[in-house]
Amino acid sequence: MSRISKEQVKHVAHLARLAVTEEETEMLTEQLDKIIGFAEELNELDTENVEPTTHVLELKNVLREDEVRNSVSVDEAMKNAPAQRDGQFKVPNILE
């Protein structure tokens, strides 16, 4: 018995704005059924002593002290600018 129907696959494809052929629907139905099966196998694992986590690796923010440092001067920054005006980079218009 399949855990997902062709109609459900077509519905998800529609929500994702994907056009799928009948052949693709058949293939996706089989693939998604296998994926669901693999996910269901995880329910068989004993996770009673496993602490819940949001990430498999331990993450830690690395922060540094704010400090004033020398920066690139305007003249230095403008050296490589393909177009500039009044000390600012000139870029093409994106809005009319």
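Five salt bridges are counted in this predicted model, a salt bridge being a side-chain nitrogen of Lys or Arg within 4 Å of a carboxyl oxygen of Asp or Glu. Residues are numbered from 1 along each chain as its sequence is written. Because the model is predicted, local features need pLDDT of at least 70 and side-chain atom pairs count only at pLDDT 80 or more, while totals for chains, interfaces and linings use all residues; side-chain values use heavy atoms, without hydrogens and water.

Select Arg3 and Asp33: their closest N and O atoms are 3.3 Å apart, in a salt bridge. Arg3 lies in the segment before helix 1 (6–15) and Asp33 in helix 2, so the pair ties together parts 30 residues apart in sequence. Helix 2 spans residues 22–41 (helices are DSSP runs of H or I, at least four residues, numbered from the N terminus).

Stay on Asp33. Is Asp33 buried or exposed? Asp33 is buried, at 16% relative accessible area (buried is under 20%, exposed over 50%, partly exposed in between, with a 1.4 Å probe and protein chains only). Beyond neighbours within four places in sequence, Asp33 contacts Ser2, Arg3 and Ile4 (contact: heavy atoms within 4.5 Å).

Arg3 is partly exposed at 41%, and Glu40 is partly exposed at 37%.

Finally, select Glu22 and Lys10, whose side chains meet in a salt bridge (3.2 Å, N to O). Glu22 lies in helix 2 and Lys10 in helix 1, so this pair ties together parts twelve residues apart in sequence.

How values were computed. Helices (H or I, at least four residues) and strands (E, at least two) are DSSP runs, numbered from the N terminus.
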